[in-house]
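Student: Hey, can we go through this structure together? I'd like to start with the ligand.

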Amino acid sequence: MTDPLVEAARAVQQRAYAPYSGYRVGAALETDDGSIYVGCNVENASYGLTICAERAAVTAAVAGGARRLRRAVLVTDSDPPAAPCGACRQVLNEFGPDLTVEAVGPARSVRWTMRELLPNAFGPEQLA
Ligand code: THU
């Protein structure tokens, strides 16, 4: 059975701009109303300005009016499948403390909760 979120992440992985690392990442997010937003990594000749796929997808979701994320799918060519980097975990947590994150690689997939990926997170509740 095909999963639309996985298909969206696979499709956007093809659009990654990664001429320096050659490492393509596609991210797809599902919001609490079932909408889907996507992002891919966008590298830059000034390497440190690279934008990760997950954060690109979060900015697209917020620009589209979303506030609550329930699922994230990341597609890479890594085996074992790659989990989001630390910066992306923090940014995903802002809008999805109850998020399920699924990493899809060429051979298998792995699933985590946001709490497993970012235990004892610093989040909006600290500033409330
Ligand atoms: N990358 C992501 O897009 N997401 C991550 O969570 C980890 C790394 C990208 C950044 C860079 O373009 C390439 O992968 C290699 O680090």
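This is a predicted model: local features need pLDDT of at least 70, side-chain atom pairs count only at pLDDT 80 or more; totals for chains, interfaces and linings use all residues.

Student: Okay, which residues are around the ligand?

Tutor: Among them are Ser-21, Tyr-23, Asn-41, Thr-50 and Pro-84. Being near here means that a heavy atom of the residue lies within 4 Å of the molecule.

Student: And what lies 2.9 Å from an oxygen atom of the ligand?

Tutor: A polar side-chain atom of Asn-41 does, and so does a backbone N or O atom of Ala-53. For Glu-54, a side-chain N or O atom is 2.7 Å from a ligand oxygen. A polar contact is a pair of N or O atoms within 3.5 Å.

Student: How much of the ligand's accessible area does the protein cover?

Tutor: It covers 76% of the 380 Å² that the ligand has on its own, using the Shrake-Rupley method with a 1.4 Å probe.

Student: Switching to pockets: how much space lies in the largest one?

Tutor: About 160 Å³, counted as the space filled by probe spheres set on the grid points. A pocket is an open set of points on a 1 Å grid over the protein atoms alone, where a 1.4 Å probe fits, with protein on both sides within 12 Å along at least five of seven lines; lining residues have an atom within 4 Å of a point.

Student: What lines it?

Tutor: The largest pocket has 16 lining residues, and Tyr-23, Val-25, Cys-52, Glu-54 and Cys-85 lie nearest its centre.

Student: What about the phi of Asn-120?

Tutor: Asn-120 isn't a glycine, yet its phi is positive, about 55°.

Key: Residues are numbered from 1 along each chain as its sequence is written. Side-chain values use heavy atoms; hydrogens and water are left out. A polar contact is a pair of N or O atoms within 3.5 Å; within protein, one must be able to donate a hydrogen and the other to accept it, and residues adjacent in sequence count only if both atoms are side-chain atoms.
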